[in-house]
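Please look over the sequence and the structure below before reading on. The text then goes through the parts of the chain in turn.

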Amino acid sequence: MNTMLRKSVLGIAGLAFTGGVFAGPIAAHADARPVEGKPVAVAVQGAQSKIDLNDEQLANAKAIIAATKKAGLPERAAVISIATSLQESKLENLGHLGDKNDHDSLGLFQQRPSSGWGTPEQITNPEYSTLAFEKGLKQVDGWQDMPLTEAAQTVQVSAYPDAYAQWEQQAADIVAHNWNS
């Protein structure tokens with residue numbers, strides 16, 4: 001049995017046994033290099049959501065990938081970052097939303113100037129906001145091996161901690177199609 005399959009089987013069995021929850025290990029795919037143009041196979045948790053991306057959203061996803069590469073992080077970091085942005089803003093670089101705004105949240109990751117993420121100008125810059133999110137991600141022990149939603153929640157501290165998981169497959173597909181371009 002190959003290593004990736006063995007890790008998947010053992011991870012699923014371990015999680016199902018200890019927690020009664022069926023989930024696949026994320027780590028088995030963390031260093032996988034996708035074949036250009038083919039989606040990355042991931043063991044996602046729960047039902048998945050998907051939206052059609054317009055040119056602006058796709059450009060923001062590509063900016064997240066470029067910033068991830070600039071930081072020297074692996075594709076897994078880009079998947080977590082894009083899934084987080086899909087949840088927080090649907091990959092739209094949001095300015096102040098008035099009464100609809102959650103406090104002073106801005107940008108792709110809905111980061112807050114009042115929480116120390118940066119100035120409004122900084123956190124509405126896709127590269128800066130991605131690097132800020134990934135700086136927080138790198139501070140999470142074992143982020144590469146934990147479920148996406150847990151890694152994202154540890155950085156974001158959202159009122160909806162399980163919401164990130166629904167975007168994992170779309171984020172993985174976006175990264176697979178754009179990592180080498």
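What follows describes helices, their contacts, a nonpolar core, charged pairs and some backbone angles in a predicted model.

The buried ones are Leu-148, Thr-149, Ala-151, Ala-152, Gln-153, Val-155 and Gln-156. The elements covering them include α3 (75–89), α5 (126–138) and α7 (168–178). Directly after the helix, Val-157 has a positive phi of about 50 degrees.

One of the covering helices, α5, can be followed in detail. Two packed helices are described by the angle between their axes and the distance between the axes. For α5 and α6, the axes come within 9 Å and cross at roughly 110 degrees. Angles of 65 to 115 degrees count as roughly perpendicular, and α5 is therefore roughly perpendicular to α6. On the α5 side the contact is made by Phe-133, Gly-136 and Leu-137, and on the α6 side by Ala-151, Ala-152, Val-155 and Gln-156.

Helices α2 and α7 form another crossing. Their axes come within 10 Å, at an angle of roughly 75 degrees, which makes α2 roughly perpendicular to α7. Here Leu-58, Ala-61, Lys-62 and Ile-65 of α2 meet Ile-174, Val-175 and Asn-178 of α7. The contact of α2 with α7 comprises 5 nonpolar residues, 1 polar and 1 charged.

The next topic is the nonpolar interior. In soluble globular proteins, nonpolar side chains tend to be buried together. In this model the largest nonpolar core has 34 residues, and those touching the most other members are Ile-65, Ile-80, Ile-82, Leu-91, Leu-137, Trp-143 and Val-175. Helices α2 (55–70), α3, α5, α6 and α7 each supply at least two residues of the core. The largest share, 7 residues, comes from α3. Val-175, named above in the contact of α7 with α2, touches Ile-65, Glu-75, Ala-78, Val-79 and Ile-82, not counting residues up to four places away in sequence.

Helix α2 also holds Thr-68. With a relative accessibility of 0%, Thr-68 counts as buried. Leaving aside neighbours within four places in sequence, Thr-68 is in contact with Leu-73, Pro-74, Ala-77, Ala-78, Thr-130, Glu-134 and Trp-179.

Charged pairs come next. Side chains of opposite charge can pair when their charged atoms come close. How many salt bridges does the count come to? The count is 2 salt bridges. One of them joins Lys-70 and Glu-127, whose closest N and O atoms are 2.6 Å apart. Lys-70 is in helix α2 and Glu-127 in helix α5, and the pair links distant parts of the chain, 57 residues apart. Lys-70 is exposed, with a relative accessible area of 59%, and Glu-127 is partly exposed, with a relative accessible area of 34%.

A salt bridge is also formed by Arg-76 and Glu-168, with the closest N and O atoms 2.9 Å apart. Because Arg-76 lies in helix α3 and Glu-168 in helix α7, this pair ties together parts that are 92 residues apart in sequence.

The last stop is the loop between α3 and α4 (120–123), where Leu-91 lies. Phi of Leu-91 is near 60 degrees, a positive value in a residue other than glycine. Leu-91 is buried, with a relative accessible area of 0%, and is among the core residues that touch the most other members. Gln-110 is also placed in the loop between α3 and α4. Although not a glycine, Gln-110 has a positive phi of about 50 degrees. Its relative accessible area is 14%, and the cut-off for buried is under 20%, so Gln-110 is buried.

Technical notes. Residues are numbered from 1 along each chain as its sequence is written. This is a predicted model: local features need pLDDT of at least 70, side-chain atom pairs count only at pLDDT 80 or more; totals for chains, interfaces and linings use all residues. Side-chain values use heavy atoms; hydrogens and water are left out. Buried means under 20% relative accessible area, exposed over 50%, partly exposed in between (1.4 Å probe, protein chains only). Helices (H or I, at least four residues) and strands (E, at least two) are DSSP runs, numbered from the N terminus. Contact means heavy atoms within 4.5 Å. A nonpolar core is a set of buried Ala, Val, Leu, Ile, Met, Phe, Trp, Tyr and Cys residues joined through side-chain atoms within 4.5 Å. Axes are lines fitted to C-alpha atoms, for helices over the stretch in contact, and angles run from 0 to 180 degrees between N-to-C directions. Angles under 35 degrees count as roughly parallel, over 145 as roughly antiparallel, 65 to 115 as roughly perpendicular and the rest as oblique. A salt bridge is a side-chain nitrogen of Lys or Arg within 4 Å of a carboxyl oxygen of Asp or Glu. Ala, Val, Leu, Ile, Met, Phe, Trp, Tyr, Cys and Pro count as nonpolar, Asp, Glu, Lys and Arg as charged, and the others, Gly among them, as polar.
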